[in-house]
Amino acid sequence: SLTELARNHSKNTPGYVIQSWLRSENTLAFLNLWEQENNPDYREAGYIELLEKKKTASFTLTPKLWIEKTKAIGIASKQGKGGGTFAHPMIGCEFASWISPEFKMLLLKLSLDRERLKE
């Protein structure tokens, strides 16, 4: 749950944290790559359209809008009780590493240690 990760970072405004993450071009590039590899129905044209709209200062990209425009499957948004923004574990790790430098460091250490074990 991206919402729960965001709530741990900012108790009162988890939605804003997720929207801030979606404003990053690196985030959108990562989501674009993930969807291209995992989603045969992905609409890259929607990604390009959102990149253009993002240049407007007043534009806010929400998970729901990302899903609608691109037919994304890596992120899900549910309203109501038990709702929130959910993501594939790989996308969740990307989000968590954006929020927490400590988590990013842990991921990198685990990745590098794993590579060393193969030698």
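Student: Which residues of α1 meet α2?
Tutor: In this predicted model, Leu2, Thr3, Ala6, Arg7 and His9 are the α1 residues that meet α2. Their partners in α2 are Pro14, Val17, Ile18 and Trp21.

Student: Within what distance do the axes of α1 and α2 come, and at roughly what angle do they cross?
Tutor: The axis of α1, residues 2–9, comes within 8 Å of the axis of α2, residues 14–22. The two axes cross at roughly 105°.

Student: Is α1 roughly parallel or roughly perpendicular to α2?
Tutor: Helix α1 is roughly perpendicular to α2, because angles of 65 to 115 degrees are classed that way.

Student: Why quote both an angle and a distance?
Tutor: Two packed helices are described by the angle between their axes together with the distance between those axes.

Student: Changing topic: how many helices and strands does the protein have?
Tutor: The protein has 7 helices and 2 strands. Read from the N terminus, the order of elements is α-α-α-α-α-β-β-α-α.

Student: And what does the C-alpha trace span?
Tutor: Along its principal axes, the trace spans about 45 × 35 × 30 Å.

Student: What share of the residues is buried?
Tutor: Of the 119 residues, 34% count as buried. The protein exposes about 7900 Å², with carbon and sulfur atoms supplying 54% of that area.

Student: What about contacts between residues at least 24 apart?
Tutor: Such pairs account for 51% of the contacts between residues at least 6 apart in sequence.

Student: How many positive and negative charges are there?
Tutor: There are 17 positive and 14 negative charges, and their mean positions lie 7 Å apart.

How values were computed
Residues numbered from 1 in each chain as written. Predicted model: local features only at pLDDT ≥ 70, side-chain atom pairs only at ≥ 80, totals over all residues. Heavy atoms only, no water. Helix = DSSP H or I, 4+ residues; strand = E, 2+ residues; numbered from the N terminus. Buried < 20%, exposed > 50% of the residue type's maximum accessible area, 1.4 Å probe, protein only. Contact = heavy atoms within 4.5 Å. Areas by Shrake-Rupley, 256 points an atom, 1.4 Å probe, with all protein chains shown as cover. Lys, Arg positive; Asp, Glu negative; His and termini not counted. Charge placed at Lys NZ, Arg CZ, Asp CG, Glu CD. Axes fitted to C-alpha atoms, helices over the stretch in contact; angles between N-to-C directions. Parallel < 35°, antiparallel > 145°, perpendicular 65-115°, else oblique.
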